[in-house]
Amino acid sequence: MQITVYGATGTFGGHLVSQLRDRGHTVIAAHRGSGVDTVTGEGVAEAADGSDVLVDCVNRMTMNARRAVDFFSRSSRSIALAAADRPNASLVCLSIAFRPEVGESKLLGYYRAKAMQERIYRRLVPADQLLMFRSAQWFELVDSMTITAGPLRIVPKMRVRALAAAEAARMMAEAIDAGEHGTIEVAGPEITDFSKIAERLADERARAAGEAKAPMVIGVPVPGPTAGDGLIPDSPRLSELSLDDWLGTL
Ligand SMILES: NC(=O)c1ccc[n+]([C@@H]2O[C@H](COP(=O)([O-])OP(=O)(O)OC[C@H]3O[C@@H](n4cnc5c(N)ncnc54)[C@H](OP(=O)(O)O)[C@@H]3O)[C@@H](O)[C@H]2O)c1
C-alpha cells in the first residue's frame, strides 16, 4: 500500500514510518520540512495523492486550550478534506487515552483539543473508513512534561498505563496492515504514577552519566479527571514492554 504519514518526523511518526517501510509499504513522509503544512492546508492534498491510507500524527505540544484547539481543529480539517478527495482511502487518527465522558470542561486544554480532533474526524470521515487509534501516554512524554527548576524536576502526578512510543507505532502498523477500522486503544503492561516514571528515568540517566545523585522529581497533583483514572483506557491492547525494558533500550 501507499501510506501518507502527516507528522512523519515526530516521536511517533518516526517509529511509524520505519515500521511501515519494514512491512514493505511505500510511505509519503509529510511534515513542514517536506512542504506540507496541515494548519494552513498547504501541500496536504498533494501529499495524499495516490495513497490508500492517510495517518494523522501531527502535534503541537501545548497545555493552552486556545492554541491546542486551533492547531488540532485546523490540522484535522485539512487532512479530512484530503481524505474526502480519495473516497476509497482510510484515515487513521492518532489520539490519546482519556475519558471524554468526564466532561470536556474538566479536561486540560490539550485533551480538550484532542476531543475536538476526534469529533471532527467522526463527523467528516465515514465510519467504515476511519480508524481512531487511541494510545495511552508514552514513557517519552516525561521529557515534554517536565519543568526544570534548578535541581528539581516538576511533573504532573497522574495515573497512566504508559507504553513506549515505538510499541504504539508497531501496534498501529499492525492495525493498518490488517485493514482495521473503528476504535482501538493501546496501553502498557502496568498502571503507575507518571511521577514514578519520571523518577526512574532521572535515576537511569544519572547512573548512565556516572552522577552520584539524580535530580529530585516532584509530582504535582493535577486537578480534575487526570488525577484519578481519567487517563486509563477501558480495554486496551497491551504492549508487553515494561518501563524497565524500555529503560534498558536507552
Ligand atoms: N506523547 C504522548 O504520550 C502521546 C500519547 C498518545 C498519543 N499522542 C499523540 O501523538 C501525536 C504525535 O505526537 P508526537 O509526540 O509524536 O509529536 P511530535 O514529536 O511533537 O512531532 C510532531 C510532528 O508533527 C509535525 N508537524 C507539526 N506541525 C505541523 C504542521 N503545521 N504541518 C505539518 N506537520 C506538522 C512535525 O514536523 P515539522 O515540525 O517538521 O512540521 C512532527 O513531524 C499527537 O497527536 C499526540 O496527541 C501522544
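Among contacts in this protein between residues at least 6 apart in sequence, 79% join residues at least 24 apart. A contact here means that two C-beta atoms, placed from the backbone, lie within 7 Å. This is a predicted model, so local features need pLDDT of at least 70 and side-chain atom pairs count only at pLDDT 80 or more, while totals for chains, interfaces and linings use all residues. Residues are numbered from 1 along each chain as its sequence is written.

Overall dimensions next. The protein has a radius of gyration of 18 Å, which agrees with the value near 18 Å for a compact globule of 250 residues. That radius is taken over C-alpha atoms, and the globule rule is 2.2 Å times the number of residues to the power 0.38. Along its principal axes the C-alpha trace spans about 55 × 40 × 35 Å. Of the 250 residues, 44% are buried. Buried means 20 or more other C-beta atoms within 10 Å of the residue's own, exposed means 12 or fewer, and partly exposed is in between, with C-beta atoms placed from the backbone.

Now the sheet. The protein has 8 helices and 12 strands; these are DSSP runs numbered from the N terminus, H or I of at least four residues for helices, E of at least two for strands. In what order do the 7 strands of the open sheet stand? The order is β2-β1-β3-β4-β5-β9-β12, and the pairing is parallel. Two strands pair if DSSP finds at least two bridges between them. β2 (26-30) and β12 (237-238) are at the edges with a single partner strand each, so one side of each has no neighbour in the sheet. Even so, 4 of the 5 residues of β2 are buried. β1, residues 2-6, pairs with β2 in the parallel sense over 5 bridges, and Q2 stands opposite T26 in β2. Further in, 4 bridges join β3, residues 53-56, to β4, again parallel. There, D56 has C93 of β4 as its bridge partner.

Two helices to look at. α3 has 20 residues and reaches 28 Å from first to last C-alpha, close to the expected 28 Å. The expected span is 1.5 Å times one less than the number of residues. Its buried residues include F71, F72, S75, I79 and A83. Among the elements that cover the buried residues of α3 are β1, β3, β4 and α4. α4, residues 109-124, has 16 residues and reaches 23 Å, close to the expected 22 Å. Its buried residues include charged ones, among them R112, K114 and E118. The cover over the buried residues of α4 includes α3 (65-84), β4 and β5 (130-135).

On to the ligand. Its shell has 27 residues, and the closest are G7, G10, H31, R32 and N59.

Q137 is in the loop between β5 and α5 (141-145). Is Q137 buried or exposed? Q137 counts as buried because it has 25 C-beta neighbours inside 10 Å. Leaving out residues up to four places away in sequence, Q137 touches I96, A97, V160, A162 and L231. A97 is 40 residues from Q137 in sequence, yet 6.9 Å away in space, C-alpha to C-alpha.

Key. A residue is near a molecule or strand if its C-beta atom, placed from the backbone, lies within 6 Å of it.
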